Amino acid sequence: MSSTTRSSPTSAAARPAAVESPPGVAQPSQGYDGAGPFPAEAEEPTAPRGLGDRLYVTVTAVIVVAPFLGLGLAGWLLWGSLIHPADVLLAFVLYLVTGLGVTVGFHRGLTHGGYRSGRPVRVALAVAGSLSFQGDVIGWVATHRRHHAFTDRPGDPHSPYRYGTHLRGQLRGLVHAHVGWLFRNDPTSARRYAPDLLADRDIRAVSRAFPALCVVTLVLPFAAGWAIGGTWQRALTALLWAGLVRIALLHHVTWSVNSLCHMIGRRPFRTRRHDRATNLWPLALLSFGESWHNLHHADPTSARHGVDRGQIDPSAAVIRLLERVGWVYDVRWPTPDRVTARRT
Ligand SMILES: [Zn+2]
Ligand SMILES: [Zn+2]
């Protein structure tokens with residue numbers, strides 16, 4: 001099914017038989033030369049129009065800006081020594097749980113089918129990812145599959161090449177790919193890109209619970225801080241560091257994979273035409289291995305993204321662990337042949 005969405009001039013035989021693109025994905029837009037702005041930009045709206053659009057932008061602004069305000073406030077409080085080891089520990093644990101929920105659950109499992117798992121593991125990972133404040137699981141997966149179907153071409157929801165490859169276009173594109181795209185009310189059809197998840201009752205329930213899970217992800221550190229420290233001040237510092245700051249950090253690491261990992265870094269593996277995904281080592285640890293993004297775009301279903309020596313991939317390590325205890329199975333580990341076939 002990949003052949004309808006892949007337009008690489010390179011050998012079709014080197015491509016994986018199964019990719020993430022669902023049936024019915026259209027051909028990439030015609031008339032894109034790989035350097036100019038995406039053709040649709042000529043008539044793009046400059047401002048939100050209706051009430052629905054304004055509400056969408058307002059909610060997005062709260063989700064994007066609030067954690068950053070928390071970061072500023074937290075820094076100010078730190079100046080007064082209002083940070084405690086328990087805050088850091090809580091932040092670390094929640095970063096780990098929610099980050100792996102996104103990478104192992106949302107991304108490698110639900111989006112790309114890099115492994116199969118039983119119901120409890122599937123739901124637990126979907127809940128963990130939902131606690132990351134990155135949108136509901138079905139919307140996340142649909143948007144990401146669309147990114148793979150149209151990578152760095154018209155139709156990609158967050159390509160840094162949207163405004164062309166000249167300097168000004170690149171800077172504007174970087175902002176767009178990192179965070180600007182969130183403010184465009186440009187919904188991705190879940191029926192088209194994630195029909196498998198819509199057909200899954202458990203995942204639908206997790207998706208519907210997203211607003212409640214946003215509350216949980218803030219209440220958890222607040223309650224834990226209160227329980228550990230015994231005062232409301234300790235509850236508040238835990239909320240700031242292990243709630244807002246933790247969310248802000250994971251937000252920007254995730255968004256950096258969308259922006260930086262399509263602009264800077266190495267490209268040892270062949271990807272489709274126009275696809276400029278890169279491997280960017282400085283983000284490997286913080287992104288749990290997701291910044292080996294060039295390999296990921298070259299072989300989207302692979303459960304391991306860091307395939308070369310020394311490439312840290314904590315998400316793959318967690319999948320391996322889950323496989324050992326029998327919680328996931330049918331894992332698509334990269335084979336030497338598969339990796340070699342994709343090298344440039
Ligand atoms: Zn990408
Ligand atoms: Zn992906």
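The points below proceed from the overall fold to particular contacts.

This is a predicted model, in which local features need pLDDT of at least 70 and side-chain atom pairs count only at pLDDT 80 or more, while totals for chains, interfaces and linings use all residues. Residues are numbered from 1 along each chain as its sequence is written, and side-chain values use heavy atoms, with hydrogens and water left out. The protein has 13 helices and two strands (DSSP runs numbered from the N terminus: H or I of at least four residues for helices, E of at least two for strands).

**Overall fold**
- Of the 344 residues in the protein, 51% are buried (under 20% relative accessible area, with a 1.4 Å probe and protein chains only).
- Among contacts (heavy atoms within 4.5 Å) with a separation of 6 or more, 71% join residues 24 or more positions apart.

**Packing of α3 and α8**
- The axes of α3 (residues 119–130) and α8 (residues 201–208) come within 10 Å and cross at roughly 20 degrees; axes are lines fitted to C-alpha atoms, for helices over the stretch in contact, and angles run from 0 to 180 degrees between N-to-C directions.
- The two helices α3 and α8 are therefore roughly parallel to each other (angles under 35 degrees).
- From α3, Arg 119, Arg 122, Val 123, Ala 126, Val 127 and Ser 130 meet Asp 202, Ile 203 and Val 206 of α8.
- The residues of this contact comprise five nonpolar, one polar and three charged; Ala, Val, Leu, Ile, Met, Phe, Trp, Tyr, Cys and Pro count as nonpolar, Asp, Glu, Lys and Arg as charged, and the others, Gly among them, as polar.

- Beyond its neighbours within four places in sequence, Val 137 contacts Phe 106, Leu 110, Ser 130, Ile 203, Val 206 and Ser 207.

**Gly 114**
- Gly 114 lies in the loop between α2 and β1 (116–117) and counts as buried, at 1% relative accessibility.
- The C-alpha atoms of Gly 114 and Asp 330 are separated by 8.1 Å, although the residues are 216 apart along the chain.
- Apart from its neighbours within four places in sequence, Gly 114 is in contact with Arg 108, Gly 109, Thr 301, Ala 303, Asp 330, Val 331 and Arg 332.

How values were computed. Chains are lettered from A and ligands numbered from 1 in the order in which they are written. Angles under 35 degrees count as roughly parallel, over 145 as roughly antiparallel, 65 to 115 as roughly perpendicular and the rest as oblique. Buried means under 20% relative accessible area, exposed over 50%, partly exposed in between (1.4 Å probe, protein chains only).
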